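Trainee: I'd like to learn how to read a model like this one. Can you walk me through it, starting with the overall fold?

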Amino acid sequence: MAEPLALRAGISGGAGVATSQARGTRASQVIGSSIAVRGAEKRYGQFRAVDRINLDIEPGEFITLLGPSGSGKTTLLNLLAGFQSLDGGEILVDGKPVHNVPTHKRGFGMVFQSYALFPNMTVTQNVAFPLRMAGVDRATTERRVAETLEIMRLSDHANKSPSEMSGGQQQRVAIARAIVMRPKVVLMDEPLSALDRRLRESIQIEIRDLHQTIGSTILFVTHDQGEALTMSDRIAVLDAGKIVQIGRPLDIYRHPSNRFVASFVGESNLIEAEIMQKRGTTVTLKNRAGYVFDAESRDAIDVGRVTVLVRPERIAIANEPTGSSTPVTVTSAIFLGEILRIEAQMDGGDTLLIRCTDTARRPLPNVGDCLHVSWGSEDCWVLT
Amino acid sequence: MTTISLSEEPRHQASSSLAMKLKNPALLLLPAVAFLSFIYLLPLIDLVRISISGPSWLTYFQRVFAVPLYWESLVRTMQISVTVAFLCLLFGYPTALLIHRTRGITRALIATAIVLPYFIAILIRTYAWMVLLGRNGPVNKFLVSIGILSEPVQLLFHRGTVLLGMTAVLLPLMVLTIYSSVSRLDPGLTRAALASGAGPIAVFWRVLLPLTLPGIGAGFLLVFVAAIGFFITPTLLGGPGDQMFAMHITQQADSVTSEGFLQALGVVLLLITLLVVAIAGRFLGLEFIWGGRKLTETTAGKAVPAATSGTARRSFGSAFADAIGWPLLRLFGMLPASCGTWTVRLMGGLVVAVLILPIVVVMIISFSSASYLTFPPPGFSLRWYEQFFSDTNWMRAFWTSALIAAVSAFIAVGLGTCAALGIVRGNVRGKSAIMLLLVSPIIVPPVVLGLSLYTLFLKFDLVGSVFGLAAAHAIGGLPIVVVILSAALQGVDSRLEQAASVHGASSLTVLRLVTLPAIMPGLAAATFFAFLHSFDELVLTLFLSSAQLKTLPLMLWGDINYRLNPVLAVVSTLEVLLVVGGLFLARPALATSQKAT
């Protein structure tokens, strides 16, 4: 008890509220903890919900656990929060194992999918709850609550009951409650999934900015790849209880390590092809239709059949054949607003999804039209 | 085709508005309301009439409050009822939490241990305590064997056993009421409190307890109201100094001279009950009686402004909280988390033991080879089963009970199903008031009901008739049917019915093909519980039966007062088996009705 108390008091006395409006820069002061997950394991009978996961999180990092339902991401978060206990491995926070520390003494902040606001308390009482539990005196509590409500733009709602607020407002209260202690670690369990799209996007940016301001380590769980790409410093993609890839959003999107990541993050064309020739990390391939093209790969690959990824927006289309193009037949064309979404069939049966920005020069193609598509080696990634 | 029928529709509707009115499902409420008016409301009104028929309308009531015997008994009844309600709360809350926190097979077992006794006759559960605490019972034997007692002592017939017996009998009611309120909580709230740094005690005090307060209130008052009218348990377990108010009514009923005064006793008991229910309804909404929620969910909004208004009180309160409350909570937070867990487990385990052990002991004793009650039995045999099944008196009583219960269930289910359809699907003003009328027999003390019915039965020469008893039992069976079936009907998506009628099904066909199949499990459960209610009924039967018409509970009652022999254990065991079988069959319906409420 003594240590977190001292720590909390230190925070409340010191920094106050950093009103930094800086965007896209690192927080002025990183207070977050480093987290190390070593061989973490959680079993339900024979089923391994979390299967010997290793994960190192830097202090102050915003890391997203991304995966479909049942991939183990929420279980991993619950293990970190202490709601469930490990069946193997260990979790270190700032180098110290936490398996003997009960949830309420870990000093984390947490935001829940269902908001989990106490219905018997006002907004102020909800946000003050962690401070009261830590034994912060009343004057400081009132000041800190007011500051936090200010940051979350909730000052006008301080005396409302949660049931009188909209979903977005409730979620901002939940976030306020999670950050009011300036915790070293904030856990977020799909906090935006109950909100509508527009609100979700605005709160995404809010959380992103907040992270810059408070400098906590944030662990964010989601099944929404767009959310993960928008917000994270790094993304850990989970499948069947394992981390299948971890990296910066750009790396995950451009250079996915396998089919699962490629198809889970963003839309993708996966094309089977035969390696004809290789020069370092660039390989020349030929697909079933006989189309020959270049692609990049992570490491030198032996000759053989591979799957390559071409993102729909990287495909160039033309009405006339060019030197490196191949003909396709349009099977569907939809106008989505700023982009056109075209599905077309290559010779040999592969279907291609193409997205291109809408310009005045390009009319919406008709079904049955013949287009000529091409892509460069930098647009094409060999999956391993 | 379509255009013609569409254009004809309004004219058709206008011309036969009477026919349309007759199709309103609300009309289905009429039979049940008429039945209750005649056999339940009317006698109660008559009871009140007789009670004020003295020289002055106050005469009989003055006597109730002037004679120390009755006045003291009234105070004693209140004391016992409040104590029992507190004991039930103290042990019931941890048990409800235990059910909530366990999972899978453990949870099913604990829940069964609570629900099973709930449906076993009070008479039989009280008898089990008499066996358990008797001179040759296991408790005495155990205490002697470990050397606390040198010889068996009289553990029965004093205030302690009354409290123990009544608490044990009423605990399931408390546990189930609190559990329904605990299980509605978002589990995220506990986690959110933990993640905010609250220890288990703080979570309980600041989050769990405030949010389940309505459930606690409902449980407390339901137990209290039931305890006020208790008759069987205090009669069998209490000593001369433990006379409860309801017992005076039955004793007075034997003497013909007390006409008027007797009714006044009943009215006093009824008024106290209604007063408590009214106060409870003021705070909780009268829906608490049948475990429903307020139709308008305003509780959350109401509770909070109260906390923010009244600054003077608030500042004192907050100063108090600052100085004592919060530090204390933080101090408790330093206790290992296992403390709370173990408190819940120990108290919950104790409750399960107290509820199940007597039943198990009685079941074992029923196979005893001894000619008197002793535990553990010296040997095992089926002699008492043979005696039960070969005794014509017992068998006749058994078949009489079964017949009455079947007729009673038929009446209750017939009227109750119609009423449930009317209340859920009908379009009628004052639904809450009608529901209240339908369900209110639950809260009226059976002694008062029996007393009021007696006059009516004399008038129509129904005393000692199978049909009369069945109808009387159906008064209590009806609320059970209505509550179960309303829940089941609310679970049926009314759009299913609309879909069927859009595609050409008449209202009767919709009922037959869509509604009834969907509520079939509920209907089966309701039938079983209505049957069981009548099969177990004793208090009304005591008033309304004759020497020629003996039901099984009546035989048991006579034998318990006369001699405690293992034949009673046989009857109890058979009853337990009946309940277990019934619960097993009714399981799916119970699961859905719990979801719906």
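Mentor: Start with the secondary structure: chain A has 9 helices and 20 strands. Keep in mind that this is a predicted model. Along the principal axes, the C-alpha atoms of chain A fill a box of roughly 75 × 50 × 40 Å.

Trainee: Which domains does the assignment give for chain A?

Mentor: Look at the bounds, then at the spacing. Domain 1 of chain A covers 2-254 and domain 2 covers 267-383. Their C-alpha centres lie 40 Å apart.

Trainee: What percentage of the residues in chain A is buried?

Mentor: Of the 384 residues in chain A, 42% are buried. For contacts, look at sequence separation too. Taking contacts in chain A between residues at least 6 apart in sequence, 67% join residues at least 24 apart.

Trainee: Let's zoom in on one residue. Is A:V98 buried or exposed?

Mentor: Count the neighbours. The cut-off for buried is 20 or more other C-beta atoms within 10 Å. A:V98 has 21 of them within 10 Å, so A:V98 is buried. As for its place in the chain, A:V98 sits in the loop between β5 (96-97) and β6 (109-111) of chain A.

Trainee: Which residues does A:V98 contact, leaving aside its neighbours within four places in sequence?

Mentor: With those set aside, A:V98 is in contact with A:I91, A:V93 and A:R106.

Trainee: On to the interface. How many residues does each chain bring to the contact?

Mentor: Chain A brings 29 residues and chain B brings 27. On the chain B side, α10 (187-195), α11 (200-228), α15 (299-308) and α16 (311-333) each supply at least two residues. By class, that side of chain B has 16 nonpolar, 7 polar and 4 charged residues.

Trainee: What confidence does the predictor give?

Mentor: For the complex, the ipTM is 0.74 and the pTM is 0.79. Chain B has a mean pLDDT of 82, with 87% of its residues at 70 or more. Residues 1-15 of chain B have pLDDT below 50, and this stretch has 1 contact in the model beyond near neighbours in sequence.

Trainee: Where else in chain B does pLDDT stay under 50?

Mentor: Over residues 293-313 of chain B, for which the model has 17 contacts beyond four places in sequence. Where pLDDT is low, the predicted coordinates should not be read in detail.

Note on methods. Residues are numbered from 1 along each chain as its sequence is written. Chains are lettered from A and ligands numbered from 1 in the order in which they are written. This is a predicted model: local features need pLDDT of at least 70, side-chain atom pairs count only at pLDDT 80 or more; totals for chains, interfaces and linings use all residues. Helices (H or I, at least four residues) and strands (E, at least two) are DSSP runs, numbered from the N terminus. A residue is buried if 20 or more other C-beta atoms lie within 10 Å of its own, exposed if 12 or fewer, and partly exposed in between; C-beta atoms are placed from the backbone. Two residues are in contact if their C-beta atoms, placed from the backbone, lie within 7 Å. Domain bounds come from an automatic or database domain assignment. Ala, Val, Leu, Ile, Met, Phe, Trp, Tyr, Cys and Pro count as nonpolar, Asp, Glu, Lys and Arg as charged, and the others, Gly among them, as polar. pLDDT is the predictor's confidence in each residue, from 0 to 100.
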